[in-house]
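Visitor: I would like to go through this model with you, one point at a time. Please give the cut-offs as the terms come up.

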Amino acid sequence: MHFELENGTIESSNAKTLVVAIYQDQPLAGSAEKANELSNQIISSLIESGDFKAKKGETLTLHKPQGFNAERLVLVGLGKNEDGISENAFIASAKAAAKAVSSTAADTASLYLTEVNVKDRSDNW
């Protein structure tokens, strides 16, 4: 598998798969909030209906999401945010996101996990 790092916003991404992180029982924020706005509130609808609970490591892949050039939008749950999540919770969620992406035919993906607040870790870790 080939990886490239780029800096950009969810609305400007050309990746075939987009991955956004969502805290359990918290308002949407960052790229997840923007993705919800672009997709005509599909993420908040899935949360409100109970179809996506944002539990640690939970994923849901949306195909051909409205409002994006991407073919897929992957939601990854982070669990509860209590002034950040643990390093283990972050790693579990990142692994779940990687597994969800690798199970698709996508050859490019943009992950918006750097927005996640990890307890006792700086933004640079």
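Visitor: What does the secondary structure of the chain come to, and which pattern does the chain follow along the sequence?
Guide: This is a predicted model, in which local features need pLDDT of at least 70, side-chain atom pairs count only at pLDDT 80 or more, and totals for chains, interfaces and linings use all residues. Residues are numbered from 1 along each chain as its sequence is written, and side-chain values use heavy atoms, with hydrogens and water left out. Helices (H or I, at least four residues) and strands (E, at least two) are DSSP runs, numbered from the N terminus. On that basis the chain has three helices and four strands, and, read along the sequence, its pattern is β-α-α-β-β-α-β.

Visitor: Why does the chain count as being as compact as a globular protein of its length?
Guide: The comparison rests on the radius of gyration, taken over C-alpha atoms, and on the globule rule, which is 2.2 Å times the number of residues to the power 0.38. For 125 residues the rule gives 14 Å, and the chain is as compact as a globular protein of that length because its radius of gyration is close to that, at 13 Å.

Visitor: What percentage of the residues count as buried, and what percentage of the contacts between residues at least 6 apart in sequence join residues at least 24 apart?
Guide: Buried means under 20% relative accessible area, exposed over 50%, and partly exposed in between, with a 1.4 Å probe and protein chains only, while contact means heavy atoms within 4.5 Å. Of the 125 residues of the chain, 39% are buried by this criterion. For the contacts between residues at least 6 apart in sequence, the share that joins residues at least 24 apart is 65%.

Visitor: Which residues of helix α1 are buried, and what covers them?
Guide: Helix α1 spans residues 30-38, and its buried residues are Ser31, Ala32, Ala35 and Asn36. Seen down the axis, these fall within an arc of 140 degrees, so they line one face of the helix; the arc is that of the directions from the helix axis to the C-beta atoms. In general, an α-helix has 3.6 residues a turn, so residues three or four places apart point the same way. The cover over the buried residues of α1 includes β1 (17-24), α2 (42-49), β3 (72-80) and β4 (109-112).

Visitor: Which residues of α2 are buried, and what covers them?
Guide: In α2 the buried residues are Ile43, Ser44 and Leu46. They cover an arc of only 160 degrees around the axis, which puts them on the same side of α2. Their cover includes β1, α1, β2 and β3.

Visitor: Where is Val19 found, and which residues does Val19 touch when those up to four places away in sequence are not counted?
Guide: Val19 is found in strand β1 and is buried, with a relative accessible area of 0%. Val19 and Thr59, although 40 residues apart in sequence, are 9.6 Å apart in space, C-alpha to C-alpha. With residues up to four places away set aside, Val19 touches Val74, Val76, Ala97, Val101, Ser110, Leu111 and Tyr112.

Visitor: Is Leu78 buried or exposed, and how many Å separate the C-alpha atoms of Leu78 and Ala54 in space?
Guide: Leu78, in strand β3, is buried, with a relative accessible area of 3%. Leaving aside neighbours within four places in sequence, the contacts of Leu78 include Ala21, Ile22, Tyr23, Ile85 and Val116, and Ala54 is also one of them. Leu78 and Ala54 are 24 residues apart in sequence, and their C-alpha atoms are separated in space by 6.1 Å.
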